Amino acid sequence: LYAVPKARCRQTLEPYSEATGLAIEPAPELGDGAVDRDPEAALATITSLARGAVTAAACAQGDGIPRLLRALAHRARATGCPPVANRDLDDPPSRKGSVWVLSLGPDGTLAAADYYRDAAF
C-alpha cells in the first residue's frame, strides 16, 4: 500500500491496512506538485509497483492522476499496444473518491485502465 503524504490519502488506505496487516508506505512522488515537477519519478514508482510480486494499491491526489494516466497511455501506444480503457485516457477523469484500476505488465506498460466514479464497486 502506498500513499502520498496527505492525511486523507493515508486515511483512505487505513481500513485495508488494518484488515490485512499491510503497512502503508510513503509515495511523495505521486503527489500533485511532485508529479508536475518530476513526472518521470512518478512513472518510475508506478513501474516499480508493477514489477512487484503482489497487487499494489496507491492513493494519490487528483491533479497528478490524469497526468500519469496520459503518460502511461502514451507509452503503451508507442509500443504498438494501446491500452483498453472504459474512459478517454487523453482526458482522464479524477473525481474525489474515484478509483482507477490499472493493469500493467511487468515492464510497467499499461494494458488496461478502468475508472470507477464511486469507490464502492
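## The largest nonpolar core

The largest nonpolar core in this predicted model has 23 residues. Such a core is a set of buried Ala, Val, Leu, Ile, Met, Phe, Trp, Tyr and Cys residues joined through side-chain atoms within 4.5 Å, where buried means under 20% relative accessible area (1.4 Å probe, protein chains only). The residues with the most contacts inside this core are Ala3, Leu13, Leu30, Leu68, Leu89, Trp100 and Leu110.

Two or more residues each come from H1, helix H3 (39–50), helix H4 (64–78) and S6; helices (H or I, at least four residues) and strands (E, at least two) are DSSP runs, numbered from the N terminus. H4 gives the largest share, 5 residues. If you look up Leu110, you will find it in contact (heavy atoms within 4.5 Å) with Leu72, Ala73, Ala76, Cys81, Pro83, Leu89, Leu102, Ser103 and Leu104, leaving aside neighbours within four places in sequence.

## An aromatic pair

There is 1 aromatic pair, counted when ring centres of Phe, Tyr and Trp (its six-membered ring) lie within 6.5 Å; planes under 30 degrees apart are stacked, over 60 edge-to-face and the rest tilted. Trp100 and Tyr115 make a tilted pair, 5.0 Å centre to centre with 50° between the planes. Because Trp100 lies in strand S5 (residues 99–104) and Tyr115 in strand S6 (residues 110–116), the pair ties together parts 15 residues apart in sequence. Both Trp100 and Tyr115 are buried.

## Ser17 in helix H1

Ser17 sits in helix H1 (residues 7–20) and is buried, at 14% relative accessible area. Not counting residues up to four places away in sequence, Ser17 touches Leu1, Leu22, Ala23 and Ile24.

## About the model

Residues are numbered from 1 along each chain as its sequence is written, and side-chain values use heavy atoms, leaving out hydrogens and water. The model is predicted, so local features need pLDDT of at least 70 and side-chain atom pairs count only at pLDDT 80 or more, while totals for chains, interfaces and linings use all residues.

How values were computed: Buried < 20%, exposed > 50% of the residue type's maximum accessible area, 1.4 Å probe, protein only.
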